[in-house]
Amino acid sequence: MSRAIELAVENVNARRGGPFAALVVKEGELIAEGTNLVTSAMDPTAHAEITAIRNACRKLNTFHLTGCEIYTSCEPCPMCLGGVYWSRVDRLYYAGTREDAAAAGFDDAFIYAQIQLPVELRSIPMIGMMRQESLAAFQSWRNLAAKVPY
């Protein structure tokens, strides 16, 4: 965790992005690091946990991080939390809280609240369309004999 916190501070001082960093560890060995690169990469999804997960998956040549743990300098935002679950890490350790992040200007409370609302009440209009046509992709997936489940 000390390394994650150190990386977060370095990231701010180097002006690469926000004050966040994450590490992926497997069996006590550091597999990958990631920092927040939102502003330097011009990518709103380049959060520390996401970059660490991407780096670890590339290094291990897998899309599941079962057997790994992630250490993050702050409690994950909703997007990163989703990435953590999709990566299937065994455990997540965090230092700062979402309240600490909010006090520094990184408030995710709005997103947490939006997720709980019915689609029609969310602040970004979300309009469903062509559902019946889209079902063909799911049927193709179901019929695919050589699919790699995830």
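The model is predicted, so local features need pLDDT of at least 70 and side-chain atom pairs pLDDT 80 or more, while totals for chains, interfaces and linings use all residues. Residues are numbered from 1 along each chain as its sequence is written, and side-chain values use heavy atoms, without hydrogens and water.

Let's start with the fold. The protein has seven helices and four strands, taken as DSSP runs of H or I with at least four residues and of E with at least two, numbered from the N terminus. Their order is α-β-β-α-α-β-α-β-α-α-α, and the C-alpha trace spans about 50 × 40 × 25 Å along its principal axes.

Now to the rings. There are five aromatic pairs, where rings of Phe, Tyr and Trp (its six-membered ring) have centres within 6.5 Å; planes under 30 degrees apart are stacked, over 60 edge-to-face and the rest tilted.

Tyr 71 and Tyr 93, by contrast, are stacked, because their ring centres are 4.6 Å apart and their planes at 15 degrees. Tyr 71 belongs to strand E3 (residues 68-74) and Tyr 93 to strand E4 (residues 91-96), so the pair links parts 22 residues apart in sequence.

Finally, Phe 63, Trp 86, Trp 141 and Tyr 150 make up one aromatic cluster.
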